[in-house]
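I opened the model today to look up a few things and write them down in order. The notes follow the view.

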Amino acid sequence: MDKPLRPDINETPLKGVRSNIVQSIRAFRVQDLQDSARSLGQHFLYANLANAQSKQDVLDLIAQQFMLPTHFGKNFDALYDCMTDPVHKSGPQPGFIVVLEQIPATAKFDKEAREQLLDIFRDTADYWADRKIPFRCFYSFL
């Protein structure tokens, strides 16, 4: 019997990970997540936020590293819009694996700002879940 072109999710490190979730990266390696996205034919979005000090820095780095459109408004509402609506309108989506590495913990990007950022990705995961599209976001703190 011919082997399928794309492996089953159970053949990747994502075995046992819900299809729409935002969670700590913990035991996952970025390279393994990227390889899983590639093998599953899903989008892989990566942002290293180690050099960010403020909300604006975080949004600038995400925009740059996710290659968001130039009209990106650089606020949390615009981030949600860029992660959902235009992508949805571009046709069928195979799924997403997103990594937000080293989210800062500074006076200008405090615990509340970190939770707001993660809430955007939780809302995005819910958006794609409603459309039966996998959206997994993994994060780490600096």
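I looked up the ring clusters in this predicted model. Tyr80, Phe96, Tyr127, Trp128 and Phe135 are linked into a cluster by ring pairs. I then asked how many aromatic pairs the structure holds. The count came to eight aromatic pairs.

I picked out Phe66 and Phe121 from these pairs. Their ring centres are 6.5 Å apart and the planes stand at 90 degrees, which makes the pair edge-to-face. Phe66 sits in helix H2 (residues 55–66) and Phe121 in helix H5 (residues 111–130), so this pair ties together parts that are 55 residues apart in sequence. Next I checked burial, for which the cut-off is under 20% relative accessible area. Phe66 has 7% relative accessibility and therefore counts as buried. Phe121 is buried as well, its relative accessible area being 0%.

I went on to Tyr139 and Phe141, whose ring centres are 5.3 Å apart. Their planes are at 50 degrees, so I noted the pair as tilted.

Backbone entry. I looked up Met67 and found a phi near 55 degrees, a positive value in a residue other than glycine. Met67 is in the loop between H2 and helix H3 (76–83). With a relative accessible area of 73%, Met67 is exposed.

Lys132 went into the notebook beside it. The phi of Lys132 is near 60 degrees, again positive in a residue other than glycine. Where is Lys132 placed? I found Lys132 in the loop between H5 and strand S4 (135–141). Lys132 counts as exposed, at 73% relative accessibility.

I then turned to Asp35, which has its place in helix H1 (residues 30–40).

Whole-chain entry. I counted five helices and four strands in the protein chain. Along the sequence I read the pattern as β-α-β-α-α-α-β-α-β. The radius of gyration is 15 Å, close to the 14 Å that the globule rule gives for 142 residues, so the chain is as compact as a globular protein of that length. I noted the box filled by the C-alpha atoms as roughly 60 × 35 × 25 Å along the principal axes.

For burial over the protein chain, I have 44% of the 142 residues as buried. I looked up contacts with a separation of 6 or more, and 69% of them are between residues 24 or more positions apart. The accessible surface comes to about 8,000 Å², and 49% of this belongs to carbon and sulfur atoms.

Last entry, on charges. The protein chain has 17 positive and 18 negative charges.

Note on methods
Residues are numbered from 1 along each chain as its sequence is written. This is a predicted model: local features need pLDDT of at least 70, side-chain atom pairs count only at pLDDT 80 or more; totals for chains, interfaces and linings use all residues. Side-chain values use heavy atoms; hydrogens and water are left out. Helices (H or I, at least four residues) and strands (E, at least two) are DSSP runs, numbered from the N terminus. The radius of gyration is taken over C-alpha atoms; the globule rule is 2.2 Å times the number of residues to the power 0.38. Buried means under 20% relative accessible area, exposed over 50%, partly exposed in between (1.4 Å probe, protein chains only). Contact means heavy atoms within 4.5 Å. Accessible areas come from the Shrake-Rupley method with a 1.4 Å probe; for residues, only the protein chains shown count as cover. Lys and Arg count as positive and Asp and Glu as negative; His and the chain ends are not counted. The place of a charge is taken as NZ of Lys, CZ of Arg, CG of Asp or CD of Glu. Rings of Phe, Tyr and Trp (its six-membered ring) pair if their centres lie within 6.5 Å; planes under 30 degrees apart count as stacked, over 60 as edge-to-face and the rest as tilted.
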